[in-house]
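Dear colleague,

I am passing on the structure we spoke about, and my notes on it follow below. Please read them with the structure open beside you.

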Amino acid sequence: MATAEEKYELITRRLAEVLGGDAIKAILTEGRQPKCYWGTAPTGRPHIGYFVPLTKIADFLRADVHVTVLLADVHAFLDNLKAPLELVAYRTKYYEYTITAVLRSLGIPISALRFVEGSSYQLTREYNMDNYRLCATVTEHDAKKAGAEVVKQVESPLLSGLLYPGLQALDEQYLDCDFQFGGVDQRKIFTFAELYLPKLGYKKRSHLMNAMVPGLAGGKMSASDPNSKIDFLDSPEVVSRKLKSAFCEEGNAEGNGVLAFVEAVLIPISQLRLDHQKGVEKVLVDGTGDQHPFISADAPEGTVFSVERDEKFGGSTHYKSYDEVKTDFVNKTLHPKDLKNTVANCINRLLDPVRKAYEENEEWQRITALAYPDPNAKPAKTKKKEKVYHPPPPGKGRNAKPTADGAANVEAEVAEVTASIEKVDVGSSTS
Ligand code: STL
């Protein structure tokens, strides 16, 4: 059994920042089990930057932390309607499928986690009353400031963006956590929660933050620039192409998304797999797909990352830490092309089991088309005259099975689902 100090080290290693670490230490010293949650809002398609928090969850479980994953569906449309209301349920499902497949590939036991959808408690009387209490406590200035990095900033901001930080603070209370975990981009929301929860009479929580990995184009991973990030379902060819065009200037480690991915994802996963192989840890299960650490077969003991290179170019190099990789890169001993090839190969090995899970799951495929309808698909013709809704028999109807022409009909299908819900509601209130 690990000591309180060892657990604390596992919980906080590789993080960018920890606020309120003493409270976590106190729980561990008393021999209690800390409870945490990590939340995500099902907006755009999740990208491989999610490997960072999802890999960190393995550390939490190894330290016997109780982990909750929040699918913040209400937040997804509060954030400037990033997920339109009629698509939120599909996107939540899409996120759940994706996150579950990634966790399985990492050997993280799903059964040890609790998944919660925000709307399952955020629509209750108590939560709403707390929201109103908070609205009568928080200044507009503080709400705006707290959301500045997370909530999409637009010319004509909606009121919903101002509610976002307060509701996230309430989530800590309603999910009953000791600490919340998220990216450093959440920092202002986290300090906001530390300030305001006690004003409602609730406990101040601790906050753990992972660093953000820069996108492949050098800046932030951007939802609007598909080349800056890799989708979990990108094909091997697309992964290779995106890496070829990635910003990775020889000798320059700054803003280098390829190097950052080695540090934040590949080496931690390599170490996780080495620990699992050696039996150093007993919490992880065998992951799906190729579980080799990212090292060559002939790598010396202690290697966590290998760059495989032809003998005529100096042969393979084996690294015991990220610092060694960075030093070689900065000294131009490690060429961008070799680094990119290796990283593309590693990413494809990581994505293989996720792509496979997708191919084997027809329901996930169907949900994808509904959650992210093709913006170029032609809207299907709708008959104006038909006003009365005739529900199809169970198992029949357009929504029962994927349509043969797939994406082309998706918008119409979403519209039909939404319209039928409205019609049914009207019908039941008048009968
Ligand atoms: C995003 C992207 C991301 C994290 C989040 C949202 C987090 C959302 C959230 C919402 C409510 C919570 C906690 C977290 O209680 O990386 O669009």
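Predicted model: local features only at pLDDT ≥ 70, side-chain atom pairs only at ≥ 80, totals over all residues.

The chain has 431 residues, of which 38% count as buried, and its secondary structure comprises 16 helices and 8 strands. Among contacts with a separation of 6 or more, 73% are between residues 24 or more positions apart.

Around the ligand lie Gly 39, Thr 40, Ala 41, Thr 43, Leu 70, Ala 72, His 75, Gln 168, Asp 171 and Gly 183. Strand E2 (35–40) and helix H9 (159–174) are the elements that each give two or more residues to this shell, which by class holds 6 polar, 3 nonpolar and 1 charged residues.

Turning to helix packing, the axes of helix H8 (residues 140–147) and helix H10 (residues 187–196) come within 7 Å and cross at roughly 140°. On the H8 side the contact is made by Asp 142, Lys 145, Ala 146 and Gly 147, and on the H10 side by Lys 188, Ile 189 and Phe 192; these residues divide into 3 nonpolar, 3 charged and 1 polar.

In helix H11 (residues 236–244), the buried residues are Val 239, Lys 242 and Leu 243. Seen down the axis of H11, these buried residues fall within an arc of 100°, so they line one face of the helix. In general, an α-helix has 3.6 residues a turn, so residues three or four places apart point the same way. What covers the buried residues of H11 includes helix H12 (257–278) and helix H14 (336–359).

Note on methods:
Residues numbered from 1 in each chain as written. Buried ≥ 20, exposed ≤ 12 C-beta atoms within 10 Å, placed from the backbone. Helix = DSSP H or I, 4+ residues; strand = E, 2+ residues; numbered from the N terminus. Arc of directions from axis to C-beta. Contact = placed C-beta atoms within 7 Å. Axes fitted to C-alpha atoms, helices over the stretch in contact; angles between N-to-C directions. Nonpolar A, V, L, I, M, F, W, Y, C, P; charged D, E, K, R; others polar. Near = placed C-beta within 6 Å.
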